[in-house]
Amino acid sequence: MRCFVALQFPYTQTYSQLHEKFGKGLTSDSQYRGRLSLFGHCMIDVPMPGVLKLLVTDVMHPFFIFQIFSIGLWLWEEYYYYSVAIFVCSIAALCASLIETRSSIKAVRELAMYECSMTVFRNGCWSEQKSHSVVPGDLVKIPLNIQLPCDIVLTKGICLVDECMLTGESQPELKDALPVSNQLIYINDKRYTLSSGTVPLTLRGDPEGIVIATGFSTAKGELVKSILFPKPNRFKFYTDSFKFIGLMSLFGLFGFLWYLGNYIQDGESLVDTLMSCFDLVTTIVPPALPLAMSVGMAFAVVRLKEKKIMCISPPSVNAAGRVSIICFDKTGTLTEDSMTLKGVWEPSNQEIHEDLTTCPYELQESMASCHSLIILDDHLVGDPQEVAIFNRLNWKWTESEEYRFVVTNGQHEAKVKHLYHFTSLLKRMGVIIEHNCHLKLHMKGAPEVIIPLCINVPDNLSKQIFHYTKQGLRVLACATKTLQTFDSHQSLSEIENGLTFLGLLILQNHLKPESKETIQTLLKAEVKCVISTGDALLTGLSVAKECGLVPEGNKVLIGDLINEKPHWEDDEGNTCELTNEKGTSLALTGNLLQHYISYMDPIVSIFKDQAVIFGRMSPQQKILVIEQLQYSDLLVAMVGDGANDCGALKAADVGLSLSEAEASIAAPFTGKKLNSIIEVLKEGRASLVTSFQAFKFIAFYSMIEFVLENVLFIHQNNMLDRQFMYIDLVLILILAITMSYTRAYDKLATELPPGVLFSLEITVPIFMQACILMGIQWAAYYSLQYQSWYSVPKDTSVVWASEVPDNTVLFLTGAAEVLFTCIALNDGPPFRMPFRSNYWFTGFAIFFSFMQVYMTLVADEVTREIFQMVYLELDYKLQLEAILLGGFAIIFIFERYIVPILSRKLRTINCKRKVI
Ligand SMILES: Nc1ncnc2c1ncn2[C@@H]1O[C@H](COP(=O)(O)OP(=O)(O)OP(=O)(O)O)[C@@H](O)[C@H]1O
């Protein structure tokens with residue numbers, strides 16, 4: 001089969017081939033030109049569409065075309081003021097959308113576009129080049145403290161790199177030169193690759209590297225692409241709103257056909273008839289809907305920014321409003337980044353050594369040399385646990401030309417020749433050292449992976465590990481082996497067997513001060529919280545208990561995969577059967593989860609409810625957990641801080657990266673503190689409710705106008721220019737925008753706001769409320785017809801309407817209904833603050849309420865002139881006001897007290913349907 005594949009460099013090469021072929025850079029101009037024409041310039045150039053192009057796209061949007069069509073129709077009907085005002089508003093909205101689109105593209109462009117100077121080796125000599133001219137295959141010098149413009153595989157030297165902007169990882173990562181090996185194929189191996197967007201903080205040995213990706217093919221380019229073209233949102237809110245508009249249009253069409261038939265029968269002119277029928281359609285399809293629904297979201301993004309939480313994907317705000325499961329990473333997220341070494345356990349001494357000088361020499365040597373620390377500004381930097389271990393020893397770290405580094409305690413020296421980096425997948429690392437002319441391999445890592453490699457496992461070792469991990473301590477195992485020879489081409493797996501166990505390092509990683517409170521707040525709000533950690537299950541379990549994630553009195557079952565078979569035990573270490581009894585919390589390893597999933601075991605469904613800790617997770621397994629939790633159609637958030645959380649942050653419906661970077665592109669949200677997740681949820685819920693209210697408000701307004709026009713059409717009449725203007729522009733625009741400004745409620749409620757527009761629980765109450773609104777209009781209109789002074793207006797026309805009591809009364813009724821529904825819809829807690837806290841909305845609601853009473857009861861001649869109203873007798877005006885106030889009471893009581901009960905009932909009917 002022939003298909004397109006992405007252009008990739010360095011194709012399939014072994015480490016040695018890469019060194020050989022590209023170690024001398026590009027050797028001719030034609031080679032350079034060939035690469036340039038194939039890969040293009042080294043730039044993530046997000047094209048900024050021209051104003052004209054954006055305008056054309058916006059103008060061609062069906063909503064805008066519909067708007068223009070409506071304006072044309074109204075102009076023809078001589079609704080001049082109204083048409084001009086709507087036209088001005090449409091143009092303003094068009095400009096706002098244009099500015100918004102351009103500024104969001106500009107923000108991504110600024111994040112993506114970058115240029116610097118690079119030292120490049122071409123045609124046998126080094127020269128300074130602009131970074132945009134760099135191509136894959138170029139040999140470059142690694143610049144210090146400058147953001148890298150391309151992905152580079154390091155071929156010489158060592159670099160300490162800050163990857164914070166790209167992955168959210170707060171600890172700098174050490175990168176090594178690619179070894180020369182004929183067996184290993186280079187596949188973007190992270191240990192040797194410097195990604196574009198990261199910043200080298202320390203350089204050793206004049207580092208050089210081969211450019212392997214430029215522009216959009218780089219790691220940063222991929223992330224920029226994922227911002228520009230996000231994966232389809234599982235949250236169907238917006239698609240639902242279009243379905244609703246479709247349904248409304250259908251009503252419009254029925255009205256259209258019905259009137260068309262009636263008027264043609266009554267002998268009206270065809271053009272007038274068609275125009276009035278189109279009029280109906282223009283009122284029922286609200287073009288302002290998308291705008292009204294997104295205003296709340298924009299306000300939420302601004303409020304989050306004030307709380308130092310950055311959001312690079314505004315649609316994620318509404319999705320956050322429906323999150324009901326949160327997956328937390330442990331180390332660095334729930335617990336502090338920093339660690340302290342509590343002590344060391346070794347087989348000859350049953351007590352832990354707190355004074356490390358009393359430890360056997362070999363264990364000290366292992367602790368002093370087996371790490372990837374490096375000096376930056378006179379400080380040792382790197383993994384905080386390694387810093388904690390090294391700093392507890394009285395050893396010195398010194399630089400060396402010949403070795404990676406040398407450590408000494410004054411008497412002995414260990415010269416580190418080679419480093420096997422730590423990876424989350426392997427859960428271990430190793431160094432080759434030279435001591436007194438002997439070669440040694442020192443290894444440290446998760447006990448589960450180190451112990452099977454050892455030949456001398458003490459009997460009580462598992463007990464010891466159990467003892468410490470149960471207290472929430474991190475346990476690392478150290479082991480060693482003497483080597484006769486060493487070849488840097490050898491992989492760790494080739495030499496790591498037959499180790500001698502040295503001891504256990506016991507590290508303490510304290511909970512962050514805000515972790516317990518954050519978890520408790522979420523649990524109280526009935527948000528399910530789980531921990532997904534690379535650390536040991538028992539350590540994770542202890543942290544979970546400390547945070548209150550495992551309810552007191554709950555039985556805990558711990559599951560692991562032992563000899564390819566699931567094994568379950570209680571937290572005292574007694575073997576037991578897996579049960580789904582209430583009051584049982586589960587903790588299981590990534591391997592066990594993967595086992596159950598690959599055998600499609602129905603047991604997996606138990607985990608979704610009862611599992612609270614997923615331990616010993618590789619980055620890929622962290623993604624698996626998110627996918628399993630999403631399986632039940634619930635929206636899942638991931639909170640993480642490290643490079644091993646990147647995949648899970650992307651897989652989750654809502655990702656929050658805890659990072660010191662201003663805005664990390666690893667996730668839609670970036671925050672500095674763990675409790676940012678509560679703010680994201682609160683703002684998400686408030687924004688979602690606001691969007692719902694805006695949707696309902698606009699839907700009611702369309703229905704109010706639709707029914708109102710229908711009633712007037714029956715008597716060949718219509719509302720007038722300035723009356724439309726007052727309702728559509730003054731009332732709707734001001735109320736829709738100001739009501740979206742209400743802040744999020746300061747507590748997280750136990751329930752979730754509705755997430756589906758097109759559901760029984762939403763549509764049935766909307767149509768019932770529409771019936772109430774219709775009833776109020778009929779009451780107002782028919783009470784008018786019973787007045788002794790009333791006579792059916794003659795010589796009026798739908799298209800050329802004139803001022804008569806009919807349109808005065810229905811205008812007053814319609815305006816009042818718009819105001820009343822808006823006030824009734826704006827309920828506060830549990831998702832938003834009471835609306836009185838929104839001064840703008842409260843001010844306008846009070847002002848329009850006075851306007852309503854004034855226009856109905858005391859409107860003088862000037863007011864009547866402005867609003868194209870006729871004089872009404874006082875006793876009727878009192879009757880009308882009574883109908884309207886009675887109507888307000890019914891609308892309010894229905895929306896505030898009956899709708900919640902009705903929705904709950906309908907939800908239970910609906911719950912058989914799988915909805916998000
Ligand atoms: N520098 C290191 N050297 C050796 N082993 C390590 C090192 N760092 C971590 N480990 C071991 O590997 C395991 C997995 O580490 P990883 O970084 O994937 O997750 P984590 O930091 O333990 O937890 P989390 O996923 O919650 O951040 C650790 O629990 C530890 O046992």
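Asp138 is buried, with 25 other C-beta atoms within 10 Å. The model is predicted. The points below cover the surroundings of Asp138, the packing of α3 with α5 and of α20 with α22, and the span and burial of helix α27.

**Asp138**

- Asp138 sits in a loop, with β2 (125–130) on one side and β3 (139–141) on the other.
- Because the cut-off for a buried residue is 20 or more other C-beta atoms within 10 Å, Asp138, with 25, counts as buried.
- Setting aside neighbours within four places in sequence, the contacts of Asp138 are Gly25, Leu26, Val120, Arg122 and Val211.
- Ile187 is 49 residues from Asp138 in sequence, and the C-alpha atoms of the two are 18 Å apart in space.

**Helices α3 and α5**

- Helix α3 spans residues 51–59 and helix α5 residues 80–112; they pack at about 125 degrees, and their axes are 10 Å apart.
- The two helices α3 and α5 are therefore oblique to each other, since an angle between 115 and 145 degrees falls in that class.
- On the α3 side the contact is made by Val51, Leu54, Leu55 and Asp58, and on the α5 side by Leu94, Ser97, Leu98, Thr101 and Arg102.
- Sorted by class, the contact of α3 with α5 holds five nonpolar, two polar and two charged residues.
- Residues three or four places apart in an α-helix point the same way, because there are 3.6 residues a turn.
- The crossing of α3 and α5 is right-handed.

**Helices α20 and α22**

- Helix α20 (residues 590–598) packs against helix α22 (residues 619–630) at an angle of about 55 degrees, with 10 Å between their axes.
- That angle makes α20 oblique to α22.
- The crossing of α20 and α22 is left-handed.
- From α20, Gly590, Leu593, Gln594 and Ile597 meet Gln621, Leu624 and Val625 from α22.
- Four residues of the contact of α20 with α22 are nonpolar and three are polar, with no charged residue.

**Helix α27**

- Helix α27 covers residues 805–825, which is 21 residues.
- From its first C-alpha to its last, α27 reaches 30 Å, close to the 30 Å expected at 1.5 Å a residue.
- Helix α27 is mostly covered, with 21 of its 21 residues buried.

Methods:
Residues are numbered from 1 along each chain as its sequence is written. This is a predicted model: local features need pLDDT of at least 70, side-chain atom pairs count only at pLDDT 80 or more; totals for chains, interfaces and linings use all residues. Helices (H or I, at least four residues) and strands (E, at least two) are DSSP runs, numbered from the N terminus. The expected span of a helix is 1.5 Å times one less than its number of residues. A residue is buried if 20 or more other C-beta atoms lie within 10 Å of its own, exposed if 12 or fewer, and partly exposed in between; C-beta atoms are placed from the backbone. Axes are lines fitted to C-alpha atoms, for helices over the stretch in contact, and angles run from 0 to 180 degrees between N-to-C directions. Angles under 35 degrees count as roughly parallel, over 145 as roughly antiparallel, 65 to 115 as roughly perpendicular and the rest as oblique. A crossing is left-handed if the near helix is turned anticlockwise from the far one by less than a right angle, and right-handed if clockwise. Two residues are in contact if their C-beta atoms, placed from the backbone, lie within 7 Å. Ala, Val, Leu, Ile, Met, Phe, Trp, Tyr, Cys and Pro count as nonpolar, Asp, Glu, Lys and Arg as charged, and the others, Gly among them, as polar.
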